[in-house]
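Here's a quick briefing to go with the structure. Have a look at the chain, then read on.

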Amino acid sequence: MRTPFRVFQPARGANASASASGQTISQPTIVGVMTQALRLDRRCKVLEVGTGTGSLTALMAAQAARVVTVEVDRDLFQLAGEDLHGLENVRMLRMDALKNKNRLNSELLAVLEEELAGGEGRRLK
């Protein structure tokens, strides 16, 4: 699976250090460092809370078995979806990951249960 070149470019409508819809956008070099630090492999399943523009999502998808990514902001969800569409190992959810400050959203928990059910020896990162 190839990672689109544009994931290394600043987000459309924002330079790399600006914010879109009130969300901070990480510098492309920081996104690369974060991806390397994860040490992902094809056994890993990743939960990403805060899809943003999808740059980190695309990089993780190129290395992991599966990425479940959650974004609450409608505009960012749509923007990321344009670039992530077609990546078969990415599942995008538009919702708040938290039910309250101490609990995950029950819909998200159900999705995680479903995603983790298959694939012996895989681990969630």
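This is a predicted model: local features need pLDDT of at least 70, side-chain atom pairs count only at pLDDT 80 or more; totals for chains, interfaces and linings use all residues.

Residues are numbered from 1 along each chain as its sequence is written, and side-chain values use heavy atoms, with hydrogens and water left out.

**Salt bridges**
- The whole structure has four salt bridges (a side-chain nitrogen of Lys or Arg within 4 Å of a carboxyl oxygen of Asp or Glu).
- Glu115 pairs with Arg66, with the closest N and O atoms 2.8 Å apart; this ties helix H4 (residues 106–117) to strand E4 across 49 residues.
- Both Glu115 and Arg66 are buried (under 20% relative accessible area; exposed is over 50%, partly exposed in between, using a 1.4 Å probe and protein chains only).
- Glu114 meets Arg91 at 3.0 Å, N to O, linking H4 to strand E5 over 23 residues.
- Arg43 and Asp41 form another salt bridge, at 2.6 Å, N to O. Arg43 counts as partly exposed because its relative accessibility is 44%.

**Strands and helix**
- E4 (residues 66–71) and E5 (residues 90–94) run parallel, paired over five bridges (strands pair if DSSP finds at least two bridges between them).
- Glu71 has Arg94 in E5 as its bridge partner.

- Leu104 is partly exposed because its relative accessibility is 35%, and Leu104 lies in strand E7 (residues 103–104) (strands are DSSP E runs of at least two residues, helices H or I runs of at least four, numbered from the N terminus).
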